[in-house]
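Good morning, colleagues. Please look at the structure on the screen while I describe its pockets and its nonpolar cores.

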Amino acid sequence: MTAAALRALHHGSSLPLVLPGPWDAASAKVFADAGFPALATPSAGIAATLGHEDGQTPPDEMFAAITRIVRAVDIPVTADVEAGYGLSAKELVGRLADAGAVGCNLEDSDHASHVLTDPERQAEWLAQVRAEAGDSLVINARIDTFLCGVEGTEEAVRRGRLYAEAGADCVYPILAPPPLLAELAAGIGLPVNALARPGGPAPGELGALGASRVTFGPHLYRQAMAAVTGQAERLRDEIRQPDAD
């Protein structure tokens, strides 16, 4: 599947575009078979399946996992590649292409310290990625102001406009309060990705509030693992029968 197909889904008549987050090939196939038009891998979910903490997955392992997910389905896959793993724009675009991903998330803070990247430097990096990829990659520029404790929309909008000028297709102000989504979308001028969280607004509600795209981060993986935990506990209880009198 092509980046053009994924890009078009951000502007279609069936918004918001809801992108489940597969953590392996099996979960990717489940979501594809359910009829979703595209998928968005979560770095934290994949990290957990590989035995790593979020932000500590070796790039070779992450790209191998993305490759397996892409290979399992025949719909577009966009990949969370964190801050790019220190790769050059050319290397990053090449590795995404080799994996078969037609989109990516790129975040603008340091994962360990939660310190925001200089926005002009981040915009320059995004422009380099766009120049290397041409139209072959849907770039979702993550804006981490809310994650890093910056309140309000001013800084998020400033960063989003810079990233739009650099060639981003959409922006992802992660953890933005849902009531601010419409203001962010209007101020930045690109489709806005919202994070669906347990206990928060449903994807359709996020769309009504201004999101064009909805992803789930690691939450679907965590819900699946909660179900596995329940199964394990039931199995344990079944085999721990009390001694007969």
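In this predicted model, 28 residues line the largest pocket, and those nearest its centre are Asp 54, Arg 142, Ile 174, Gly 217 and Pro 218. The volume of this largest pocket is about 460 Å³. Strand E2 (39-41), helix H3 (43-49) and helix H10 (219-239) are the elements that each contribute two or more residues to the lining. By class, the lining of the largest pocket comprises twelve nonpolar, ten polar and six charged residues.

I turn now to the second largest pocket, which holds about 390 Å³ of space. Its lining is made up of 18 residues, and Ala 83, Glu 107, Ser 109, Thr 117 and Gln 122 lie nearest the centre. Here the lining divides into five nonpolar, eight polar and five charged residues.

Which residues of the largest nonpolar core touch the most other members? They are Ile 66, Val 81, Leu 92, Leu 96 and Val 129, in a core of 56 residues. Helix H4 (residues 59-72) supplies the largest share of this core, namely six residues.

Val 81 deserves a separate word. Setting aside its neighbours within four places in sequence, Val 81 is in contact with Phe 63, Ile 66, Leu 92, Leu 96, Cys 104, Asn 105 and Leu 106.

Thank you for your attention.

Technical notes: Residues are numbered from 1 along each chain as its sequence is written. This is a predicted model: local features need pLDDT of at least 70, side-chain atom pairs count only at pLDDT 80 or more; totals for chains, interfaces and linings use all residues. Side-chain values use heavy atoms; hydrogens and water are left out. A nonpolar core is a set of buried Ala, Val, Leu, Ile, Met, Phe, Trp, Tyr and Cys residues joined through side-chain atoms within 4.5 Å. Buried means under 20% relative accessible area, exposed over 50%, partly exposed in between (1.4 Å probe, protein chains only). Helices (H or I, at least four residues) and strands (E, at least two) are DSSP runs, numbered from the N terminus. Contact means heavy atoms within 4.5 Å. On a 1 Å grid over the protein atoms alone, a cavity is a set of points where a 1.4 Å probe fits but cannot get out, and a pocket is an open set with protein on both sides within 12 Å along at least five of seven lines; lining residues have an atom within 4 Å of a point. Grid points are joined across faces, edges and corners, and a volume is the space filled by probe spheres set on the points. Ala, Val, Leu, Ile, Met, Phe, Trp, Tyr, Cys and Pro count as nonpolar, Asp, Glu, Lys and Arg as charged, and the others, Gly among them, as polar.
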